[in-house]
Amino acid sequence: MTALVALLLGAAATSATAQGTLAARSPAESRRTALVDAAARVSPSVVSISVQSHQQTSAQSPFDLFFIPQTTERAVTTYGTGFVIRPGGYIVTNQHVVANAESITVTLPDGTDLPARLVGADPLSDIAVVKVDRRDLPTPTMGRTTDLMIGEWAIALGNPFNFLLGNAEPTVTAGVISATGRNILPQGDETGLYLDMIQTDAAINHGNSGGPLANALGQVIGVNSSIFTSGGGSIGLGFAIPIERALRVADELIRTGVVRRPWVGLNVAGAESMRDWKTQGGVSVTRVAPGGPAALAGIVAGDVLATANGRRLRNFLDWESVNLDVRVGDTIVVTLHKGGAEVTRRLIAADLPTVTATRVTVLKGLELVTVTPSIRAEKGIKSEQGALIVRIAAAVAQATGMQQGDVIVAIDRTPVERAEQVGTLLKAMHPRDSMRFYLERGGRVVYTDLAFQ
């Protein structure tokens, strides 16, 4: 009985202490929540980004054609958000924020405008890095996404109204982590792969693109991307790129200006088979490149990939998500169904065949590589031979009508077997001669005539 009384007295004392503590807190102290502290930690590193560029506009109706040219160019200014990731003035944002930029201006929270240069941009991950000449800019604490909890608090920072509110301080919206590992199919002219995304109901609008998503500790866990809303406004479906991916891509852009893409040498069934995984237990392999990493690991067409690096594969987007976060030289451990048995294979991610192939330059701006079985598999080329255009100068493209990604399969009546052959045939031309180039483009054969004066 004495022990029970002591326990009750102790509980009462604890309750009284708690009430006393609450009473002792001032109204100002009770207003300062974890989210307030989190916003205060992250806000100083958030910047506004304005981009100047030119856009082509077309006539809106047949009536317009009588009064204006069919296409015109107009100067436009677009806006987004970014945040500092290194003290030397390096700022991460979305690639779509700075796409086609002719000049970039970064505005600090105190209103200071700084000219910025584009360090590099990666359309596939929708990450870009810009740099300003300041070394005293604050950086936020980076978090991680491996232990995110559904329902935990999250805050999104950005500039959805640009400068319409009269200052450059970031706007803060709060919500929860709604889901993780979301894969989203690209829409319209989107070039990014929005895979393994963080979903939140914190309001994310177009001006928020490139800003940070932070947890209640003030640690940045993602890069906001305003996607998935046709009307352009927030509908409770906000998405952010995981911070680990953003920092990995940003690091490569800072070091080399480009992202080195890995290649494993296999294709899987696409959107048409997204409902099949329940019956087959994974994603079907549809094609394996001869001599590629998958072939070397013993994988063949018809095998079914069940997991990759511990991730369950339900559709092709899950497989693409794994590849998006792999570096060249990394090992991918896959489990697959092969001939009724489950086996494990290890693939070593390699460079893309088009990256390692020998390049031939002709016409002072046309870079070609010889089509090989691996390159056919990488690019989905139907022709068994030819010369793939991997880079073409704007002037050459305008003069010839050829495009990057075209495959030169024949010149006049001569089939093209190797890239070097194109240069040889061009050198044999006489002044005022013309040549017909047959090209594979988008799976179809087209042609263009070149006349040399």
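This is a friendly dialogue on how to read some features of a predicted model.

Colleague: Before we start, how are residues numbered, and what is the model?

Modeller: Residues count from 1 along each chain as its sequence is written, and the model is predicted, so local features need pLDDT of at least 70, side-chain atom pairs count only at pLDDT 80 or more, and totals for chains, interfaces and linings use all residues. Side-chain values use heavy atoms, with hydrogens and water left out.

Colleague: Let me begin with helix α8: is it largely enclosed or exposed?

Modeller: Helices (H or I, at least four residues) and strands (E, at least two) are DSSP runs, numbered from the N terminus. Buried means under 20% relative accessible area, exposed over 50%, and partly exposed in between, with a 1.4 Å probe and protein chains only. In this case, 8 of the 9 residues of α8 (residues 316–324) are buried, so the rest of the structure largely encloses the helix. Among the buried ones are Phe316, Trp319 and Leu324.

Colleague: What does asparagine 315 do at the start of α8?

Modeller: A side-chain oxygen of asparagine 315 comes to within 2.9 Å of the backbone nitrogen of leucine 317.

Colleague: How many salt bridges are there?

Modeller: A salt bridge is a side-chain nitrogen of Lys or Arg within 4 Å of a carboxyl oxygen of Asp or Glu. That rule gives a count of 21 salt bridges. One of them joins arginine 134 and aspartate 136, at 2.8 Å from N to O. Arginine 134 is partly exposed at 26% relative accessibility, while aspartate 136 is exposed at 53%.

Colleague: What does the salt bridge between aspartate 325 and arginine 248 tie together?

Modeller: Those two side chains meet at 3.7 Å, N to O. Aspartate 325 lies in the loop between α8 and β19 (331–338) and arginine 248 in helix α5, so the pair ties together parts 77 residues apart in sequence. Aspartate 325 itself is partly exposed, at 33% relative accessibility. There is also a network of salt bridges that links Asp196, Arg311, Arg314 and Asp318.

Colleague: Now the strands: which way do β15 and β16 run?

Modeller: Two strands pair if DSSP finds at least two bridges between them. Strand β15 (residues 266–268) and strand β16 (residues 283–288) run antiparallel and are joined by 3 bridges. Leucine 266 has valine 288 in β16 as its bridge partner. On to strand β17 (residues 304–308): β16 pairs with β17 in the antiparallel sense over 2 bridges, and serine 284 is partnered by valine 304 in β17.

Colleague: Which residues touch the most other members of the largest nonpolar core?

Modeller: In soluble globular proteins, nonpolar side chains tend to be buried together. A nonpolar core is a set of buried Ala, Val, Leu, Ile, Met, Phe, Trp, Tyr and Cys residues joined through side-chain atoms within 4.5 Å. Here the largest core has 28 residues, and Phe83, Ile85, Ile127 and Val129 touch the most other members. Helix α5 gives the most to this core, with 6 residues. A second, separate core of 25 residues includes Leu313, Trp319, Val326 and Leu347.

Colleague: Where does leucine 313 lie?

Modeller: Leucine 313 is in the loop between β18 (311–312) and α8, and is buried at 1% relative accessible area. Contact means heavy atoms within 4.5 Å. Leaving aside neighbours within four places in sequence, the contacts of leucine 313 include Val283, Leu305, Trp319 and Val322.

Colleague: And what does the side chain of aspartate 351 make with that of arginine 260?

Modeller: They make a polar contact at 2.8 Å. That term means a pair of N or O atoms within 3.5 Å; within protein, one must be able to donate a hydrogen and the other to accept it, and residues adjacent in sequence count only if both atoms are side-chain atoms. Aspartate 351 belongs to strand β21 (residues 350–351) and is buried at 18% relative accessibility.
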